[in-house]
Amino acid sequence: MKNTTLAKLKRTGLIILGFMCLLLGAIFILLPGPAVIFIPVGLALLSLEYDWAKVWLKRSQRYFRQAAVKTDQAFHWVGRKLRG
């Protein structure tokens with residue numbers, strides 16, 4: 001009984017933390033802030049419980065990778081890459 005209650009509490013806490021990170025990331029899209037950090041963290045936490053979050057996590061990873069490649073290409077004229 002005690003273990004199931006603790007497991008449910010842990011699961012609920014992770015879900016709440018995931019939605020809070022996701023919400024904070026959405027707010028940081030509009031305001032200056034690290035949305036690039038909070039959105040994937042929120043989706044990663046939610047992907048432990050929800051399949052839709054796994055799909056969106058993969059999409060966001062693909063998007064951020066493409067953005068990094070485009071940034072490298074844009075700064076190629078400087079003569080150096082921004083990331084390894």
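**Entry 1: a pair in helix 3**

I began with Asp51 and Lys54, which both lie in helix 3, three residues apart, about one turn of the helix. The model I am reading is a predicted one. I looked up how the two side chains meet: Asp51 forms a salt bridge with Lys54, and their closest N and O atoms are 3.9 Å apart. I then checked exposure. Asp51 has a relative accessible area of 59%, so I noted Asp51 as exposed. Lys54 has 43%, so I noted Lys54 as partly exposed.

**Entry 2: the other salt bridge**

I asked how many salt bridges the structure holds. I found two. Besides the pair above, I listed Glu49 with Arg11, where the closest N and O atoms are 2.6 Å apart. This pair links distant parts of the chain, since Glu49 sits in the loop between helix 2 and helix 3 while Arg11 sits in helix 1, 38 residues apart. Glu49 comes out at 35% relative accessibility and therefore counts as partly exposed. Arg11, at 40%, also counts as partly exposed.

I stayed with Arg11 for one more look-up. From Arg11 to Leu46 I read 9.9 Å in space, C-alpha to C-alpha, for a separation of 35 residues in sequence.

**Entry 3: the overall plan**

I stepped back to the whole chain. I counted three helices and zero strands in the protein. Along the sequence I wrote the pattern down as α-α-α. The protein has 84 residues, and buried residues make up 19% of them. I also looked at contacts with a separation of 6 or more: residues 24 or more positions apart account for 30% of these.

**Entry 4: helix 1**

I checked the length of helix 1. Its 29 residues should span 42 Å at 1.5 Å a residue, and I found the end C-alpha atoms 43 Å apart, which agrees. Which residues of helix 1 are buried? I noted Ile15, Gly18, Cys21 and Gly25. These buried residues pack against helix 2.

**Entry 5: helix 2**

I repeated the length check on helix 2. For burial in helix 2 I wrote down Ala35, Ile39, Pro40, Gly42, Leu43, Leu45, Leu46 and Ser47. I looked up what covers the buried residues of helix 2, and the cover includes helix 1 and helix 3.

**Entry 6: the largest pocket**

I turned last to empty space. Rolling a probe the size of a water molecule over the atoms shows where such space is left. The largest pocket holds about 160 Å³ of space. Which residues line the largest pocket? I listed Leu22, Ile29, Ala35, Val36, Ile39, Leu43, Trp56, Ser60, Tyr63 and Phe64. I traced the lining back to the helices: helix 1 (2-30), helix 2 (35-47) and helix 3 (51-74) each supply at least two residues. Sorted by kind, the lining residues divide into nine nonpolar, one polar and no charged. I compared this with my list for helix 2.

Conventions: Residues numbered from 1 in each chain as written. Predicted model: local features only at pLDDT ≥ 70, side-chain atom pairs only at ≥ 80, totals over all residues. Heavy atoms only, no water. 1 Å grid on protein atoms, 1.4 Å probe; cavity = no way out; pocket = protein on both sides within 12 Å on 5 of 7 lines; lining within 4 Å. Points joined across faces, edges and corners; volume = space filled by probe spheres on them. Helix = DSSP H or I, 4+ residues; strand = E, 2+ residues; numbered from the N terminus. Nonpolar A, V, L, I, M, F, W, Y, C, P; charged D, E, K, R; others polar. Buried < 20%, exposed > 50% of the residue type's maximum accessible area, 1.4 Å probe, protein only. Contact = heavy atoms within 4.5 Å. Salt bridge = Lys/Arg side-chain N within 4 Å of Asp/Glu carboxyl O. Expected span 1.5 Å × (residues − 1).
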